[in-house]
Amino acid sequence: MAVPAVRREPVRIRMTPPRLNFFRQSLTVAWKDLRSELRTKEALNASFAFALVILLLFSIAFEPTEDQTRQISGGLLWLVFAFAGALILNRSFARELANDCLDALIAAPISGAALFLGKALANFVLLSAVEFVCLPVFGVLYNVRWTAQFWPLAGVIALGTWGLTVVGTVFSALTVNLRLRELMLPMLVYPILIPCLLAAMQLTAPLVMGEPLTADLAQWVRLLVAFDVIFSALALALIESVLVR
Amino acid sequence: MNPVEIAGVWKYYGDFPALRDISFNVEPGATMALLGRNGAGKTTLLRILAGLSRPGRGSIRICGADARDRSARLSIGVLGHGISLYEELSAIENLRLFARIYGLEDPERAASEWLERTGLDKVRDGLVREFSRGMRQRLAVARAFLHSPSVLLLDEPFTALDDRAIALLQSLLRDAIAEGRTVVLSTHQLREALQLATHVALLVRGRLAYTGVRTAEMLEEPGWLYRQYGESQSASA
């Protein structure tokens, strides 16, 4: 085959400060993951279906009163988010296995931390989408006006989701080459997530019922923020050794 | 400074040493054919050169930097067993993605130019999952050459390629060699590899059995190297 004679100018590499390059590469990876997922909707459809079925089954099985809903709302919502999230997180690094795409990314001049951050951002967006579809469904099925404390609720959900995403994305990378990764990921992730889920449940319960956060709940906010900061830092520091062995 | 410097590299999988004390350099502009039977350690060595795996002992320098340094990874182009392309993205999206990751100044232009070079410009917006095997292979070649790497690492590059992709790859490799780039390729296709190669390294059970310039003797009789330094020879040594 004769290669067409295309007049080629020398390829120029952009000279950008490393930090700017880091965020640009992270956003490129996040865009790629979101685009791929929106085209196939493999993880999103499974996650949506799972979350909605659980919410529906609980409402039919228990027909909770307002008091019971107040007690279970935080726990129910975060269990749904955590299990539905596992379906999204499992796909995160697994989608790189087809055609050895992960090798091309690891051999490219992108740091493990930038790759991780890009994947975590994409997972965060996908999981948030599932959560913000679940909330109105929860409101209808359990007869709750969940929008009364919308912004504090959105903040708590964002903090909890980031914790879930960061830990889940690291373990998605760690278990990517295991045959039983669909089973291993939840088994490894949920014990570590206990403080994050506990804090998110405690904070979500009053907010979703339309009650403001009280001062005695501040410790749970601090726990949630500390969890996110500590695990984000650990993940960014350790991901390179998880990816290249 | 040589573009590829390998010094005392060992690699273990569990207790099994896949590579044993490998040391050699590849000079600028040289084409090194990495030869050896299945399981000799060719792919393991190429993966370490590409920064995909760490050596247990020893060091690898690519253009003077550690194989995992950003500068080393900017200098290498890797074509492995898989095509390393995303099925759900189009041809142009795949190349643009890697052009952005490599930090090319004009990702769109670089991607378009390579689609034209590989004859895929008419299907630039087609999803890779809809491509034929040959089209995917040509796109994979474009991805590996996209950022004009100064060191090309090719693992069995001619295996499973269709005729058109083989011709394209041979033509691009000849251009790359003429431009003074360094190539390290592993292959079982002795005749094709020896025609391209200026140097040869033979691996036998993880050990370097021979390294040196490719001689006329090897070209005339591709099996000569195996007979001289291959399995039976090293076993009796």
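A residue is called buried if 20 or more other C-beta atoms lie within 10 Å of its own, exposed if 12 or fewer do, and partly exposed in between, with C-beta atoms placed from the backbone. By this count, 43% of the 245 residues of chain A are buried. The model is predicted: local features need pLDDT of at least 70 and side-chain atom pairs count only at pLDDT 80 or more, while totals for chains, interfaces and linings use all residues. Residues are numbered from 1 along each chain as its sequence is written, and chains are lettered from A and ligands numbered from 1 in the order in which they are written.

Chain A has eight helices and zero strands, where helices (H or I, at least four residues) and strands (E, at least two) are DSSP runs numbered from the N terminus. Its C-alpha atoms fill a box of roughly 75 × 35 × 35 Å along the principal axes. Two residues are in contact if their C-beta atoms, placed from the backbone, lie within 7 Å. Of the contacts in chain A between residues at least 6 apart in sequence, 86% join residues at least 24 apart.

Helix α3 (residues 66–94) of chain A packs with α5(A) at an angle of about 145 degrees, their axes 10 Å apart. Here axes are lines fitted to C-alpha atoms, for helices over the stretch in contact, and angles run from 0 to 180 degrees between N-to-C directions. The residues of this contact are twelve nonpolar, four polar and two charged. In this classification Ala, Val, Leu, Ile, Met, Phe, Trp, Tyr, Cys and Pro are nonpolar, Asp, Glu, Lys and Arg charged, and the others, Gly among them, polar.

A nonpolar core is a set of buried Ala, Val, Leu, Ile, Met, Phe, Trp, Tyr and Cys residues joined through C-beta atoms within 7 Å. The largest such core has 148 residues, and L49(B), L95(B), L153(B) and V184(B) have the most contacts inside it. Helix α5 (residues 112–142) of chain A gives the most to this core, with 14 residues.

In chain B, four strands form an open antiparallel sheet in the order β2-β1-β4-β5; two strands pair if DSSP finds at least two bridges between them. Seven bridges join β1 (residues 4–13) of chain B to β2(B).

Where the chains meet, the contact takes 41 residues from chain B and 31 residues from chain A. On the side of chain B, α6(B) gives the most, with five residues.
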